Amino acid sequence: MLLKDNKKSLLHVFDDYKAKREKVFARLDVEKLRDDLHQLKKESIKNIKELKKQAIVNLKNFGVNVFEVNNYEEAGEVLKKLTDGADLIVKSKSNVINNLNLKKVLAGKEIIETDTGDFLAELAGQKGEHHISPAVSLDIRTIVRAIKEKLNSEVEENPQAIVSFVREYLRQKIIQAQIGLTGANALTTEGQVVILENEGNISLVSRLPARHVVITSTKKIVPTIEDAMLIVKCSAIWGTGQAWPVYVSIIAGPSKTADIEKKLITGAQGAKEVDLILINDHQNLINTPFEEILYCISCGACLNFCPVFLIEHEKIDYKFANRIFKCTLCGSCKLNCPAKIDLGKITKVARAKFAQEGKASLTNEKMIENIRHYGNPFGKIDSGETPKELFCC
Amino acid sequence: MPLFKNFFRGNTLYYPGCLTKFVAKDLAENYRRILQKIGLDFIELPDLEVCCGSPALAAGYSADFKNLAEKNLKVFKEHAVAKIITNCPACFKIFSVDYQKVLDSNWDIKAEHIVQTMVNSKAIGNWKLEIGNSRRSRVTYHDPCHLGRLMGIYDEPRQVLKGLGIKTKEMERNKSYALCCGGGGGVKANWPELANKIAKERIGLAKDIGAECLVTNCPLCYLQLKENSEEIEVKEMSQLIKE
């Protein structure tokens with residue numbers, strides 16, 4: 001939840017994004033790209049077990065320590081063991097890591113968020129729900145005030161000054177940290193971890209600390225590095241309106257060198273150890289009407305044009321009745337989804353599930369009773385009368 | 001009587017939809033008149049037809065939706081309906097896309113949004129308008145989600161407005177990027193405050209381009225935007241045309 005008392009319109013925040021994206025679209029066969037991504041995700045989810053097996057073998061061959069777990073709780077336990085003895089951990093933005101309750105898992109340790117937006121949102125005591133633009137509803141005054149209160153530093157009220165401050169502050173932390181924690185945008189069966197970014201923080205977090213721990217979900221596995229690049233490309237275009245991101249990291253194990261007498265030494269200038277905690281989450285969604293949720297590449301484009309997010313700054317979430325019934329079924333999300341996920345359809349399936357469980361609103365129950373008895377959503381209408389409640393459409 | 005025509009291909013039904021039939025009743029009157037002006041033979045089945053099922057489908061009552069589809073199919077078949085004309089984009093989508101999914105090949109009735117009927121009529125250029133000359137160049141068009149994004153009808157409403165002699169200015173978020181009026185999906189009934197806040201954003205976009213009149217052709221968008229219109233005049237397309 002964001003800015004309860006200081007809500008401003010997000011309507012024009014994404015105008016630049018839209019303009020940039022349209023320029024990129026003009027040079028591409030957008031529909032082909034969307035179909036390709038949909039197909040890639042569909043096939044990968046269908047073959048998830050086989051892909052996972054291959055990926056683990058090849059990751060291990062590259063020297064990555066792989067820990068396969070079944071849920072976030074187990075992932076937390078593994079992370080706790082891996083970070084034993086470390087007191088400073090730097091992390092990058094990741095939706096999977098957000099599900100972990102890091103504060104509890106890593107209690108007593110200093111955990112620093114290094115994505116500028118997330119870092120500032122956290123500093124201001126707010127939880128950003130937008131995948132790509134967590135600080136989108138933070139105003140600059142709130143940011144400056146938070147820096148002063150929490151970090152005891154005076155920063156000018158302009159974006160350049162704030163970014164310079166964040167850069168210096170986080171650099172020190174990243175150099176001092178023993179562990180860098182990241183998610184991944186894709187994993188390949190060939191054994192690579194693929195991460196994209198613009199800021200450069202992920203490159204630093206994954207290379208400067210001695211240990212790099214990747215936490216991600218099996219749904220991110222695709223067959224080849226070329227497939228992973230399709231995900232990178234779509235993430236950049238739909239995420240930020242760029243043709244390609246500033247940085248793409250392909251990480252295939254710890255850093256190494258054989259420069260001295262051709263003897264292979266692991267742990268050169270980047271990370272000395274790479275761990276991967278691979279979560280078998282969402283297995284229960286496969287082969288259900290919700291399966292397409294797993295095609296999501298977390299670009300956030302659906303939110304940029306969602307009329308409800310515009311006002312509420314909260315995602316429509318199929319898991320919660322109080323959120324799923326807020327969807328206006330306007331269809332913007334599907335049209336703006338690079339993976340062509342039919343979120344409107346998922347909304348209707350989720351609503352049907354809640355209605356069956358007796359969790360529909362009283363308003364909807366009244367509407368359907370009216371339809372059952374009178375053949376219209378308004379109920380009995382005497383001639384000359386006009387219904388007051390708009391139980392439509 | 002159409003039944004005695006040599007090539008009778010079935011009746012054309014004007015189906016206003018519940019919102020027009022029971023709430024925005026003047027629109028039904030307007031559209032009947034428009035169909036007559038165009039010179040189309042049509043029937044109406046106000047006491048026999050039931051809700052198309054759009055609100056039931058949106059709220060997750062799929063069994064009820066199928067039930068309504070079956071009831072309507074029976075009534076329509078009994079009256080030899082071959083084509084439905086409706087002014088409601090939600091009904092239009094339901095008849096065009098969703099009935100087929102639950103009725104399979106039993107559903108073979110064509111559906112048309114009335115703006116498609118109007119766009120094919122050469123008569124519209126001669127119709128007199130309810131909107132003053134000075135305002136005709138300060139009009140913007142709001143794409144209803146069910147008509148635009150969900151059914152791909154973007155050009156026809158603009159062509160009709162042009163045919164009527166109205167010059168439209170486009171809002172920042174139009175066509176496939178059109179911002180929802182906030183009323184759809186049951187939100188108007190369940191979360192009226194949220195719905196109204198979204199509507200005000202939409203009205204704000206009309207203000208941004210200096211529009212004085214916002215025209216749309218969905219009864220829900222119309223009622224919803226009108227309620228939140230502030231100083232902008234909100235009109236349903238049929239209200240532009242003089243009796």
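The buried residues of helix H9 of chain B are covered by elements of both chains, including helix H13 (307-312) of chain A and, from chain B, strand S4 (139-141), helix H8 (187-190), strand S6 (213-216) and helix H10 (219-227). Helices (H or I, at least four residues) and strands (E, at least two) are DSSP runs numbered from the N terminus, while a residue is buried if 20 or more other C-beta atoms lie within 10 Å of its own, exposed if 12 or fewer, and partly exposed in between, with C-beta atoms placed from the backbone. This is a predicted model, in which local features need pLDDT of at least 70 and side-chain atom pairs count only at pLDDT 80 or more, whereas totals for chains, interfaces and linings use all residues. Residues are numbered from 1 along each chain as its sequence is written, and chains are lettered from A and ligands numbered from 1 in the order in which they are written.

The buried residues of H9(B) are Ala195(B), Ile198(B), Ala199(B), Glu201(B), Arg202(B), Ile203(B), Leu205(B) and Ala206(B). An α-helix has 3.6 residues a turn, so residues three or four places apart point the same way. The 17 residues of H9(B) (residues 192-208) should span 24 Å at 1.5 Å a residue, and this agrees with the 24 Å between its end C-alpha atoms; the expected span is 1.5 Å times one less than the number of residues. Just after this helix, Gly210(B) has a positive phi of about 75°.

## Where the chains meet

Two residues are in contact if their C-beta atoms, placed from the backbone, lie within 7 Å. Between the two chains, the contact takes 39 residues from chain B and 42 residues from chain A. On the side of chain B that touches chain A, at least two residues each are supplied by helix H1 (18-23), helix H3 (54-58), helix H4 (62-78), H8, H9 and H10 of chain B. H3(B) gives the most to this side, with five residues. Sorted by class, this side of chain B has 25 nonpolar, nine polar and five charged residues, where Ala, Val, Leu, Ile, Met, Phe, Trp, Tyr, Cys and Pro count as nonpolar, Asp, Glu, Lys and Arg as charged, and the others, Gly among them, as polar.

## Domains within each chain

Domain bounds come from an automatic or database domain assignment, and the table gives the distances between domain centres, taken over C-alpha atoms.

| Domain pair | Distance between C-alpha centres |
|---|---|
| Domain 1 of chain B and domain 2 of chain B | 23 Å |
| Domain 1 of chain A and domain 2 of chain A | 28 Å |

In chain B the assignment gives domain 1 (2-118) and domain 2 (126-240). Their contact takes 23 residues from domain 1 of chain B and 20 residues from domain 2 of chain B. H5(B) gives the most to the side of domain 1 of chain B that touches domain 2 of chain B, with five residues, and by class this side has 15 nonpolar, seven polar and one charged residues.

Chain A is divided into domain 1 (15-285) and domain 2 (291-374). Here 22 residues of domain 1 of chain A are in contact with 17 residues of domain 2 of chain A. The elements giving two or more residues to the side of domain 1 of chain A that touches domain 2 of chain A are helix H2 (30-46) and H11 of chain A, and the largest share of that side, six residues, comes from H2(A).

A nonpolar core is a set of buried Ala, Val, Leu, Ile, Met, Phe, Trp, Tyr and Cys residues joined through C-beta atoms within 7 Å. The largest such core has 168 residues, and those with the most contacts inside it are Ile215(A), Ile277(A) and Cys306(A). Helix H11 (residues 225-240) of chain A provides the largest share of this core, eight residues. Leaving aside neighbours within four places in sequence, Cys306(A) is in contact with Ile316(A), Ser332(A) and Cys333(A).

Strand S12 (residues 273-279) of chain A is largely enclosed by the rest of the structure, because six of its seven residues are buried. Two strands pair if DSSP finds at least two bridges between them. Strand S1 (residues 65-69) of chain A runs parallel to S12(A) and is joined to it by five bridges, with Val69(A) opposite Ile279(A). Strand S7 (residues 211-217) of chain A also pairs with S12(A) in the parallel sense, over seven bridges, and Arg211(A) stands opposite Glu273(A).
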